[in-house]
Amino acid sequence: FVMSDTPKTSKAQQRATAKYVRNNYDDIKVRVPKGKRDAIKAAAGAAGESVNGYIKKAIDLRMESGK
């Protein structure tokens with residue numbers, strides 16, 4: 001018998017998290033050419049960020065520059 005180090009998330013917690021995400025975030029699907037996803041993932045990792053965080057930061061920087 002081996003116990004996992006990570007605690008299980010209850011169904012109620014999963015529902016609460018899903019509800020929070022639904023109420024507080026919008027989804028945007030981004031399509032990139034084949035192979036580009038891996039390059040983005042590598043760049044995000046090198047920057048110490050998640051892919052989502054990396055993309056959001058890039059969008060914010062672009063919007064701030066006005067270009």
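## The largest pocket

Helix 3 gives six residues to the lining of the largest pocket, the largest share of that lining. Helices here are DSSP runs of H or I with at least four residues, strands are runs of E with at least two, and both are numbered from the N terminus. This is a predicted model, in which local features need pLDDT of at least 70 and side-chain atom pairs count only at pLDDT 80 or more, while totals for chains, interfaces and linings use all residues. Residues are numbered from 1 along each chain as its sequence is written, and side-chain values use heavy atoms, leaving out hydrogens and water.

The largest pocket holds about 570 Å³ of space. A pocket is an open set of points on a 1 Å grid over the protein atoms alone, where a 1.4 Å probe fits and protein lies on both sides within 12 Å along at least five of seven lines; lining residues have an atom within 4 Å of a point. The volume is the space filled by probe spheres set on the points, which are joined across faces, edges and corners.

## Around the pocket

Which residues lie nearest the centre of the largest pocket? They are Ile28, Val30, Asn52, Ile55 and Lys56, out of 16 lining residues. Helix 2 (36-46) and helix 3 are the elements that give two or more residues to this lining.

By type, the lining has eight nonpolar, two polar and six charged residues. Ala, Val, Leu, Ile, Met, Phe, Trp, Tyr, Cys and Pro count as nonpolar, Asp, Glu, Lys and Arg as charged, and the others, Gly among them, as polar.

## The chain as a whole

The chain has three helices and zero strands, running α-α-α from the N terminus on. Its C-alpha atoms fill a box of roughly 55 × 30 × 20 Å along the principal axes. The radius of gyration is 17 Å, whereas a compact globule of 67 residues would have one near 11 Å; the value is taken over C-alpha atoms, and the globule rule is 2.2 Å times the number of residues to the power 0.38.

Buried residues make up 3% of the 67 in the chain. Buried means under 20% relative accessible area, exposed over 50%, and partly exposed in between (1.4 Å probe, protein chains only).

Helix 2 includes arginine 37 and lysine 41. Arginine 37 counts as exposed because its relative accessible area is 62%, and its C-alpha is 9.1 Å from that of valine 51, 14 residues apart in sequence. Lysine 41 is exposed too, at 56%; its C-alpha and that of aspartate 5, 36 residues apart along the chain, are separated by 27 Å.

Helix 3 (residues 51-65) has 15 residues and reaches 21 Å from its first C-alpha to its last, close to the expected 21 Å, which is 1.5 Å times one less than the number of residues. After helix 3 comes glycine 66, with a positive phi near 75°.
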